[in-house]
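Dear colleague,

Please find below the structure that I am handing over to you, with its sequence. My notes on it follow directly after.

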Amino acid sequence: MFRTRFAPSPTGHLHVGGARTAILNWLLARHHGGSFVLRIEDTDRERNVPGAEAALLDDLRWLGLDWDEGPDTGGPHAPYRQSERSSLYRDAAGRLLRGGHAYWCTCPPTGQDETAQGRRRCGCADRDPAEVAPPGAALRFRVPDQAEVVVDDVIRGTVRFPVSDIEDFVLLRSDGLPTYNFAAAVDDAEMRITHVVRGVDHLNNTPKQVLVYHALGRALPVFAHIPLILGPDRQKLSKRHGATSVAEHRRQGYLPEALFNYLSLLSWSSPSGEEKLPRERLAAEVELDRVGASDAVFDRDKLRWLSSRYVQEMPPGQLARALAPFVDRERFPVADEEMPAVAAALRERISVLADADGQLEHFFGPDTPEAREARERVLADGEARRVLAAVRARLAALPEWEEAAIKSAIAEGGRDAGAKGRALFLPVRLALTGEEHGPDLPGVALVQGRARVLAALPEIGGEGA
């Protein structure tokens, strides 16, 4: 069975590069009818950040990624955790030790000598494999005397690593915890991972893991090291390029479907050439042989464009619910039942949900001295008040507060007052927003809501009429 995995460390927020790796592994597993495994690599206690795992799982679920299995003790929705698999690493270490592939070393990292082969090896390598681990000893892998380690990579081709560049690396630290390369190789073997798909920055770790596989007598998985994600300046993506984590994109109001779609197509493309594809199409079309070796550039403009497409196609009720947390209710007093009207008005105007407040300002008008003065001035003008009162009367009589009905009511109020064109629309706009220009008036009235609009317009016969 085709089996992939995503193996993050709980050391911080989920980076978009990590999310892209998780998505690609998930898509490949779904494409081949296989399994997607989530494994938390948390044995480096000093680097683990409290709360990071929970945030990571939340981000993965937000992206719509589910994993197919978990430890018996945690249920199917719990990931595997390396911190809970220590007996597995001890057993594997014992097999390597008994087979002569490892030795206990009490030397500090700088205490090893260069051998004729150029590898760092000390006198500890001559210890009896049956010897009990001395206090404070680390278990080192005995790198075999061979010319090179060959890694066959689906994306990179055949990559050769001279053994002279590989030291006798640590398998178990002196505190008994496994190192990354050892635990990753043991886990991938025991979990029967068939395809290790990860970033190219892990390529240099691969020869050590291959050596562990060989020493344990396990068949190698297929390796595929995908390109890095770079900023527009072709430097490694970092904070200076803007948001780099999934959490930051969530806070900015990107829809999960849009971010999933965009990250899916970094480094590979659909045969159709289309950019907006549902995950079912992505899973159907993904293939490792379509992944290129060139680094991918994170194009934020393209992501915003793709996000705008998803916003425009969201069902009205769903968009209204998604927008609600992003609207500043103190600045824009929109009730929950009025959110569908807001969603309808903003659908074509925003790329991400966090754009809502910036656009709503055009519908409500800015809260500035200039805007307040403009409202007061138009309400003090006798002719303008007569027009506004006529429009108000028509609006107040509407059985339903709908954009088409509002448009007709404004026109009818203008006819009642003998006003049209600028003489009709400017007073209404100034009274509602304090600005001379902005969105169509029916949309403004729809978003502001019946109560706010009627309160802003004078009644017939009212003061100053």
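**Salt bridges and the strands they involve**

Arginine 39 and aspartate 188 are both buried. Please bear in mind throughout that this is a predicted model. The two residues form a salt bridge with each other, and their closest N and O atoms are 2.9 Å apart. Arginine 39 belongs to strand S2 (residues 35-40) and aspartate 188 to helix H4 (residues 180-190), so this pair ties together parts that are 149 residues apart in sequence.

A second pair of this kind is formed by arginine 81 and glutamate 53, whose side chains meet in a salt bridge at 2.8 Å, N to O. Here arginine 81 lies in strand S3 (residues 80-81) and glutamate 53 in helix H2 (residues 52-62), so the bridge ties together parts 28 residues apart in sequence. Glutamate 53 is buried, its relative accessible area being 18%.

A third pair lies within one element. The side chains of arginine 386 and glutamate 383 meet in a salt bridge of 2.6 Å, N to O. Both residues are in helix H14 (residues 382-396), 3 residues apart, which is about one turn of the helix. In general, an α-helix has 3.6 residues a turn, so residues three or four places apart point the same way. Arginine 386 is partly exposed, with a relative accessible area of 41%, and glutamate 383 is also partly exposed, at 45%.

Salt bridges that share partners also join Arg5, Arg39, Glu41, Arg85, Asp187 and Asp188 into one network. In total, the structure holds 27 salt bridges.

**The sheet that contains S2**

Strand S2, which carries arginine 39, is part of an open sheet of 3 strands in the order S1-S2-S3, with parallel pairing. The edge strands are S1 (3-6) and S3, each of which pairs on one side only. S2 and S3 run parallel and are joined by 2 bridges. Arginine 39 has tyrosine 80 of S3 as its bridge partner. Helix H1 (residues 16-31) lies across S1 and S2 and runs at about 160 degrees to S1.

**Strands S11 and S12**

Strand S11 (residues 195-199) and S12 run parallel, joined by 5 bridges. Glycine 199 stands opposite isoleucine 226 in S12. Strand S12 (residues 222-226) is mostly covered, with 4 of its 5 residues buried.

How many disulfides does a search of the whole structure find? The search finds 0. The cysteine sulfur closest to that of cysteine 107 is in cysteine 122, at 3.6 Å, which is too far for a bond, because a disulfide requires the two sulfur atoms to be within 2.5 Å. Cysteine 122 is likewise in no disulfide, its nearest cysteine sulfur being that of cysteine 107.

**Serine 245**

Serine 245 is located in the loop between strand S13 (229-230) and helix H6 (246-251). Is this residue, serine 245, buried or exposed? Serine 245 is buried, with a relative accessible area of 4%. Leaving aside residues up to four places away in sequence, serine 245 touches His13, Leu14, His15 and Val16.

**Helix H17**

Helix H17 (residues 441-448) is mostly covered, and 8 of its 8 residues are buried. These buried residues are Leu441, Pro442, Gly443, Val444, Ala445, Leu446, Val447 and Gln448. Against which helices do the buried residues of H17 pack? Their partners are helix H11 (339-346), helix H12 (356-364), helix H15 (403-417), helix H16 (422-433) and helix H18 (450-456). Glycine 449 follows H17 and has a positive phi, near 90 degrees.

With kind regards

How values were computed:
Residues numbered from 1 in each chain as written. Predicted model: local features only at pLDDT ≥ 70, side-chain atom pairs only at ≥ 80, totals over all residues. Heavy atoms only, no water. Buried < 20%, exposed > 50% of the residue type's maximum accessible area, 1.4 Å probe, protein only. Contact = heavy atoms within 4.5 Å. Salt bridge = Lys/Arg side-chain N within 4 Å of Asp/Glu carboxyl O. Pairing = 2+ DSSP bridges. Axes fitted to C-alpha atoms, helices over the stretch in contact; angles between N-to-C directions.
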